[in-house]
Amino acid sequence: MPDASDHPATEDRIQLEASWKARLLAEFEAPYMASLRQFLKQEKQAGKVIFPPGREIFAALDHTPFEQVKVVILGQDPYHGPGQAHGLCFSVRPGVDIPPSLQNIYAELERDLGLARPRQGDLSAWSERGVLLLNAVLTVERHKAGAHQGKGWERFTDAVIQRLNDEREHLVFLLWGSYAQAKGKIVDTRRHLVLKAPHPSPLSAYRGFIGCGHFSKTNAYLVAHGQLPIDWST
């Protein structure tokens, strides 16, 4: 995985899972990506700490190859506390305290599917079963939420969503909160299932996220279209 300061200008220098690399090469060669790489390089040279580590910036794509995607969960930007972010939205490394939003996700899983709440917050198992855990912005500065918004990542992740929308069928998009719902507007609801709910943060979870039933609805849709349901255990 390239470090945040790398400048992958040619195909052989882009270290990315092959199925995504084939579809996103043009994005890496676009001027906006060159500007983004320059921004990240300058931030690091200024001594700023960036999360997640460079090798994990594209972890969501590396964990879930294009043809294996069944469900897409959209987050906003990575956790900005030390040791938290590892490239998967809502997920934290093993041994890290479970953030409040993820606690509410687990609460809804328990209510919806009867799954006992996990004691850890690593969602890597989901990503390996076809759940793309994609943040809209793939990097952040330590202790500064949203610091890398508007620098180009949104365009890149829009391209990820657009390719899934255009080349796949019968995917499930889970859009929690207004930010994810706005980003998910490009999804064709005639070909995919789009489920919307308030964000699972403590400020909004009990205004409709708890009780949304998205996990059972996702599995029902997948089964109805000839696919295996997601094992939502971690």
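1. Keep in mind that the model shown here is predicted.

2. The cysteines. A disulfide is a covalent bond between the sulfur atoms of two cysteines. The cut-off for calling one is 2.5 Å between the sulfurs. By this rule the count is zero disulfides. C89 is in no disulfide, and its nearest cysteine sulfur, that of C212, is 14 Å away. That distance is too far for a bond. C89 is buried, at 1% relative accessibility. C212 is buried as well, with a relative accessible area of 9%.

3. The cis bond. Most peptide bonds are trans. The bond from F51 to P52 is cis, with omega near -10 degrees. P52 sits in the loop between β1 (50-51) and α3 (59-63).

4. H143. Most residues other than glycine have a negative phi. H143 is not a glycine, yet its phi is positive, near 65 degrees. Look for H143 in the loop between β4 (140-141) and α6 (153-167). H143 counts as exposed because its relative accessible area is 54%.

5. H170. This residue is another non-glycine with a positive phi, about 60 degrees. H170 lies in the loop between α6 and β5 (172-176). Is H170 buried, exposed or partly exposed? At 26% relative accessibility, H170 is partly exposed.

Key
Residues are numbered from 1 along each chain as its sequence is written. This is a predicted model: local features need pLDDT of at least 70, side-chain atom pairs count only at pLDDT 80 or more; totals for chains, interfaces and linings use all residues. Side-chain values use heavy atoms; hydrogens and water are left out. Buried means under 20% relative accessible area, exposed over 50%, partly exposed in between (1.4 Å probe, protein chains only). Helices (H or I, at least four residues) and strands (E, at least two) are DSSP runs, numbered from the N terminus.
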